[in-house]
Amino acid sequence: MPKIPLFKAFEKDTWVKPFLHQYKRSLYLALFLGFMTFFCAGALMFVSGYLISRAASIPENILLIYIPIVLTRAFGIGRPVFRYIERLTSHNWVLRLTSTLRLKLYTVLEKDAIFFKRNFKIGDILGLLAEDINHIENLYLRTVFPTIIAWILYAFVVIGLGFYSLWFALVMALLLFVLVFVFPLYSVLLNGARQEKEKQVKNALYTDLTDNVMGVSDWIFSQRSQDYVSSYVENEQQLYDVQNELRHFNRVRNFILQLYIGLIAISLILWTSQRFVGDHGGAANWIAAFVLSLFPLVDAFAVLSDAAQETNIYKDSLDRLNHLEEKAEVTPVALPENQQLDIRVEDVTFHYPNESKLVLDHLELKIPKGQKIAILGRSGSGKSTLASLIRGDLVPTTGQVTLAGVPTSQLGDAIAEVVGVIQQTPYLFRTTILNNLRLGNEEASEDEVWDVLDRVGLKNLVKRLPEGLHTMVDEAGLRFSGGERHRMALARILLKDTPIVLLDEPTVGLDPITEQALIDTFFSQLSDKTVIWITHHLQGIDQMQRVIFIENGQLELSGSPKELLETSPRYRKLKAIDEGR
């Protein structure tokens, strides 16, 4: 029999196997309680069947069956009690395990947080958090525990029948073998691939949804919002088709499974009818006992097919989790001291994994220290990818991006000391204004904080608040307008005093007056720094020393705003459109 893929994944697993030994007592207890649950259920039906038959054969027998009555009560009480305790024990064990796994996941990701986008898409992380960790829970609750308990019951039933008839024990061993092993293997081989495809499509939807929603302004600006909706609906339909195939297969398999269980019941009736006979019922009282005990035991076997077919998904989740630590390995390189902080993009090409299309195609660019440069381009042209390469979030497919001669992808946490970033939607945490601003510099005094607030035009606003710097900020900073949140982000940068500042379309969604005022503040306060401005329109562009335009991953235009206005018809047309002329 070929090795199930899940078992292969377990061979080199460092996420789940260690905890099997750590929590082994709880694991054994959960398995024992699970066995006792089904044992009590089967024993209850067994004794009840015997009791009913015995009492019905001769009415006065009711006085002679005290012990079966007591056993009926005992097993009747034992079944829900063991079931309840088993649920508490198994779920407690699994929750302790997954709690540890989540902590380990956050720890692994935190080690490489600054290079988050290099190794993972946000959709991948949503897949890890929402799918993979939950799959580990299901691995035990829906596969490991039920499977081991069913195997124990299988052995128990076959051995028990052997005391009555060795021949029939072998027959039942064969019949139950089909139920316990053949049906699950059949499900793995025929439906496991669909299960895995369902998970892949789900992860792709996570990735597409997060990437595209976070870049929704680009879709709208390029007038391609309907294309995105159509693409997403198509992917949703693909997921629906896969799930529909799964449901159809499960319905057919479950129908065949119920017919097969009926065959086993008929076999039991035929065997007990021949085995147990006697006057006034006599030994025939055992017929109902044996047949009725089958049905609660079958509940332990019937779930194995669903459990087995999901092993491919669990294998995929284990692989992804185990590969995290491999991806998170980073050996930071320090920047050389007293080195000119020039940025060089040298013959860089880039494409995302599993995609052949080049996002950047042999791009050459130099940004000297102190230069103010604007990077323009349509949605999908590669400007945001270039920004990620400059920050070291991505590694070029070929070529290199260096800062002071060091590849940015090797700088580790040191990149945050020299490159500050202001995103489209700066995030403010639910803590005080002072704590939010000190994210840029934990050692900053209150006087220094008031100074940067004055520089970004927020000093009077904060002074008017009930508790000044100690006023609590709502989650995500909702009490502040978009322009005010960007000024807060600028204040963080000024406290950090990084020599390079990357503005990643920070004025998107602002009204023209607020946008222009914010641009003026940016460039007046960042006059002594290298500024890289990612944008898709030209308001405030005249304050830049250099403008480049990226098209299809290549440098199409480059020069000062004045030079381009004089020499480039395309630039003049873009500026006219942007100004509404």
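Reader: Which residues of helix 19 are called buried, and what makes a residue buried?

Author: In this predicted model, the buried residues of helix 19 are Glu515, Leu518, Ile519, Thr521, Phe522, Phe523 and Gln525. They are called buried because the term applies under 20% relative accessible area.

Reader: What do the buried residues of helix 19 pack against?

Author: Their partners are strand 6 (419-422), strand 7 (500-504) and strand 8 (530-534), together with helix 16 (446-455) and helix 18 (482-496). Packing here rests on contact, that is, heavy atoms within 4.5 Å.

Reader: What span is expected of helix 19, and what does it reach?

Author: Helix 19 covers residues 512-525, 14 residues in total. At 1.5 Å a residue 20 Å is expected, and the helix reaches 20 Å from its first C-alpha to its last, which is close to that expectation.

Reader: In what order do the strands of the open sheet lie, and why do strand 6 and strand 10 count as edges?

Author: The 6 strands follow the order 6-7-8-3-9-10, with mixed pairing. Strand 6 and strand 10 (554-559) each have a single partner strand, so one side of each lacks a neighbour in the sheet. From one strand to the next, the twist averages 20°.

Reader: How do you know that strand 7 and strand 8 pair?

Author: Pairing requires at least two bridges, and these strands share 5 bridges in the parallel sense; therefore they count as paired. Val501, for instance, has Val531 in strand 8 as its bridge partner.

Reader: Which strands of the sheet does helix 19 touch?

Author: Helix 19 packs on the sheet by touching strand 6, strand 7 and strand 8, and its direction makes about 155° with that of strand 8.

Technical notes
Residues numbered from 1 in each chain as written. Predicted model: local features only at pLDDT ≥ 70, side-chain atom pairs only at ≥ 80, totals over all residues. Heavy atoms only, no water. Helix = DSSP H or I, 4+ residues; strand = E, 2+ residues; numbered from the N terminus. Expected span 1.5 Å × (residues − 1). Buried < 20%, exposed > 50% of the residue type's maximum accessible area, 1.4 Å probe, protein only. Axes fitted to C-alpha atoms, helices over the stretch in contact; angles between N-to-C directions.
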